[in-house]
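Please open the structure in your viewer and keep the sequence beside it.

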Amino acid sequence: MNLRPFPDRKIFIAFSLLALIGGGLVVFSFIGDGTSQLICTGAFDNFQSSAASMQLRAILHYATSKTVPQQSFDEISISFNVLKSTSPCNFLVFGLGHDSLMWASFNPGGVTLFLEEDPKWVQAILKDAPDLKAVNVKYRTQLSQADDLMKTYRSEPECSPTKSYIRGNTRCRLALTGLPDAVYDKEWDIIMIDAPRGWFAEAPGRMGAIYSAAVMARNRKKPGVTHVFLHDVDRKVEKAYAEEFLCRKNRKDGTGRLWHFEIPPAWNVTDGKGGTSFC
């Protein structure tokens with residue numbers, strides 16, 4: 001989720017982001033004390049002032065930044081609209097960057113947790129945005145293994161949709177077993193996959209992130225769907241794994257390189273397949 005400069009669209013995106021964040025701040029201020037009754041992660045002291053502070057920090061950052069988010073304004077808008085109707089909620093983000101302050105500001109009063117593979121990058125970002133919640137995670141796959149993992153996961157019972165789980169599932173190579181307990185212990189309302197790296201053979205690839213997001217969504221106990229956003233769907237692996245685990249039938253919308261899925265919990269799905277397939 002690292003950022004890169006795009007001079008030809010920087011001004012447009014910067015002002016657009018300021019409008020989105022500023023609009024969110026206004027909406028949040030109108031919600032007021034009533035919001036505390038909706039927090040999906042439990043009440044905590046002074047959450048309103050903390051949330052407003054983060055939004056104001058985000059406005060200052062994008063008003064003075066020389067970089068713009070990797071995602072386009074149209075892509076960001078899709079996620080923003082979902083967050084606007086769902087926040088405060090549990091928001092899990094694969095990836096960390098200068099745009100992370102923006103994502104956290106879109107979820108005032110909720111929990112936004114970032115997972116990042118590069119420990120030095122975590123330190124660099126948190127130095128400038130210490131209010132963010134981010135952890136370093138390790139992946140046990142490589143992009144070069146994507147085809148083999150797709151072919152062999154069906155023969156491993158611990159990967160099957162009827163038994164799928166993440167924590168401690170060392171037999172399923174797609175399961176992300178190295179995540180902190182905070183990830184496993186919480187039901188995530190929104191999951192964004194914009195990492196880990198997936199453009200060279202030795203990179204971890206996003207196979208495990210996509211599979212694990214699907215399992216988390218299917219294991220949801222609360223009512224309602226889990227929103228999953230996947231970026232870089234123009235790439236072969238992201239597209240193939242999305243169609244295998246997130247499913248075309250669950251795709252709600254998308255634009256550019258972003259797809260948005262609404263995945264229902266497994267207990268609320270009747271597809272006539274007896275749970276033998278993710279899709």
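Select Glu 158 together with the residues that it touches, namely Lys 163, Ser 164, Tyr 165, Asn 169, Arg 171, Cys 172 and Tyr 211, where residues up to four places away in sequence are not counted and a contact means heavy atoms within 4.5 Å. Glu 158 lies in the loop between α6 (146–152) and α7 (181–184); helices (H or I, at least four residues) and strands (E, at least two) are DSSP runs, numbered from the N terminus. With a relative accessibility of 13%, Glu 158 counts as buried, a word that stands for under 20% relative accessible area, while exposed stands for over 50% and partly exposed for what is in between (1.4 Å probe, protein chains only). Now show the side chains of Glu 158 and Tyr 165, which are joined by a polar contact of 3.0 Å; such a contact is a pair of N or O atoms within 3.5 Å, and within protein one must be able to donate a hydrogen and the other to accept it, with residues adjacent in sequence counting only if both atoms are side-chain atoms.

Before you go on, note that this is a predicted model, in which local features need pLDDT of at least 70 and side-chain atom pairs count only at pLDDT 80 or more, whereas totals for chains, interfaces and linings use all residues. Residues are numbered from 1 along each chain as its sequence is written, and side-chain values use heavy atoms, with hydrogens and water left out.

Next, select Tyr 211 and Tyr 241, the residues with the most contacts inside the largest nonpolar core, which has 45 residues; a nonpolar core is a set of buried Ala, Val, Leu, Ile, Met, Phe, Trp, Tyr and Cys residues joined through side-chain atoms within 4.5 Å. Helix α8 (residues 207–218) gives the most to this core, contributing nine residues.

Go to the loop between α3 (73–86) and β1 (90–94), where Pro 88 is found, and look at the cis peptide bond that joins Ser 87 and Pro 88, with omega about 0 degrees. Another cis peptide bond joins Ala 195 and Pro 196, with omega about 5 degrees, and Pro 196 has its place in the loop between β4 (190–193) and α8.

Then select Asp 232, in the loop between β5 (226–231) and α9 (236–246), whose phi is near 70 degrees, a positive value in a residue other than glycine. Asp 232 counts as buried, at 2% relative accessibility. Cys 247, in the loop between α9 and β6 (251–255), also is not a glycine and has a positive phi of about 80 degrees.

Is Lys 252 buried or exposed? Select this residue in strand β6: Lys 252 is exposed, with a relative accessible area of 53%. Lys 252 touches His 260, Phe 261 and Glu 262, not counting residues up to four places away in sequence.

Finally, show the whole chain, whose secondary structure comes to nine helices and seven strands, and in which 52% of the 279 residues count as buried.
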